Amino acid sequence: MSGVGFATGYDPKMTVRDMATLMKAAEERGFQMGFFSETIELNRDSVSALTAVGLATDTLTLGCTQTVRIRNPLVMAQTLAALDELTEGRMTVSPGACTKTHASRYGIEHLAPPRTLEEWIDAIRLVLTGRNVSYHGDHVNFDDAQLSFVPYRTEIPILIPATSTTGLRLAGRIGDGVMLNAACSPEYTANAIKILKESVDEAGRSWDDFYVAQIVVCSIEDAHDAALDAVRWEVATKFDPIQMPFNAGPKMRVGEPYIIESDLPMFVEAWEKGGKDALVEAVPDSYVEGMTAAGTPEQVKDRVSRYHAAGVEMAVLRPAARHQAQRLLDLFAA
């Protein structure tokens, strides 16, 4: 069954109250999920945002990205259990790997992202049982930890954010599902799902129990070109010198047909000459059209349907610009 969700978190001008208001409007229009992306740019934090959204809504399944190692796994489990109690069992969480870029930003030692992600998830799940537990891994160690309150649920779905083959295989092996990255095409998504299915099967798990969600960046305008221009900046952010190693290469290896390897030096050159503005201008229309849902209302609906057709159960729609949010909600109202 194909569903739609609504995502926020990228707009620094949008307050927590604004987000809660939009999520309430999404719920009223029949959206099934509200998702918050916690960013490295130090925008609002996920716990504050989801507290407000949880109090403003009644039925939305809620979720967020949180980078592991920025918070202790005990704290992550504690706040997740508290949010699940607040929302009466509507929470999911998407703990993401702490890359070298994240470690540098937060002033912590760089450690192997896949291993630390796996240990954080193991520890969080253990604490959520409500029992007195201990854990000893390569990077996570604690004894006699126990929530002082009875958790609303002892198992909360973990949808692992993934872009690379390594991340996808880890998600298939240990996740309750996956939250596929934004700015990826439906063709990439189909290839990613093949990797996920292989990993789920190799782990002896059932694909029927695995959930596939994806953030889909949407740009909706009356004119096709205007819609592309409104979201080009976000596609461009994936090709700046810092983000490119974590986006272009991994996506191409999974099977992203819209990223052309011979274009990558052009993006670096544009960045070096003119920074962000020059990079935005250098991104071709084909990239924007291929890796987002941008265009007129009917074009946006058609693009989102292609993600569903590729195998996405929950397309979590994030407007490219604030003025587009209400129109996007109305377009996909149940």
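How do the residues of the lining of the largest cavity divide into nonpolar, polar and charged? In this predicted model, the lining comprises six nonpolar residues, two polar residues and no charged residue. The residues concerned are Cys64, Gln66, Met76, Thr79, Leu80, Leu83, Met91 and Val93. Two or more lining residues come from each of two elements, strand S3 (61-67) and helix H3 (73-86). The largest contribution is that of H3, which supplies four residues. The volume of the largest cavity is about 40 Å³, and the structure contains one cavity of 30 Å³ or more.

The chain as a whole was examined next. Its secondary structure consists of 13 helices and eleven strands. The radius of gyration of the chain is 19 Å, which agrees with the value near 20 Å that a compact globule of 334 residues would have. The C-alpha trace extends over about 55 × 40 × 40 Å along its principal axes. Of the 334 residues in the chain, 53% are buried. Among contacts in the chain with a sequence separation of 6 or more, 73% are between residues 24 or more positions apart. The chain has an accessible surface of about 14,300 Å², and carbon and sulfur atoms account for 50% of that area.

Backbone geometry was then considered. Most residues other than glycine have a negative phi. Glu88 has a positive phi, near 55°, and is not a glycine. This residue is placed in the loop that runs between H3 and strand S4 (94-96). The relative accessible area of Glu88 is 58%, and Glu88 is therefore classed as exposed, the cut-off being over 50%. A positive phi of about 55° is also found at Ala183, again a residue that is not a glycine. Ala183 belongs to the loop between strand S8 (177-180) and helix H7 (186-202). Its relative accessibility is 3%, so Ala183 counts as buried under the 20% limit.

The loop between S8 and H7 also holds Ser185. Ser185 has a relative accessible area of 0% and is accordingly buried. With residues up to four places away in sequence left out, the contacts of Ser185 are with Glu256, Pro257, Tyr258, Gly290, Met291 and Tyr307.

A further loop, between strand S11 (314-319) and helix H13 (325-331), contains Arg322. When neighbours within four places in sequence are set aside, Arg322 is in contact with Asp11, Lys13, Met14 and Asp18. The C-alpha atoms of Arg322 and Gly311 are 28 Å apart in space, while the two residues are eleven positions apart in sequence.

The loop residues described here can be set side by side by accessibility. Glu88, in the loop between H3 and S4, is exposed at 58%. In the loop between S8 and H7, Ala183 and Ser185 are found; Ala183 is buried at 3%, and Ser185 is buried at 0%.

Definitions and conventions: Residues numbered from 1 in each chain as written. Predicted model: local features only at pLDDT ≥ 70, side-chain atom pairs only at ≥ 80, totals over all residues. Heavy atoms only, no water. 1 Å grid on protein atoms, 1.4 Å probe; cavity = no way out; pocket = protein on both sides within 12 Å on 5 of 7 lines; lining within 4 Å. Points joined across faces, edges and corners; volume = space filled by probe spheres on them. Nonpolar A, V, L, I, M, F, W, Y, C, P; charged D, E, K, R; others polar. Buried < 20%, exposed > 50% of the residue type's maximum accessible area, 1.4 Å probe, protein only. Contact = heavy atoms within 4.5 Å. Rg over C-alpha atoms; globule rule 2.2 N^0.38 Å. Areas by Shrake-Rupley, 256 points an atom, 1.4 Å probe, with all protein chains shown as cover.
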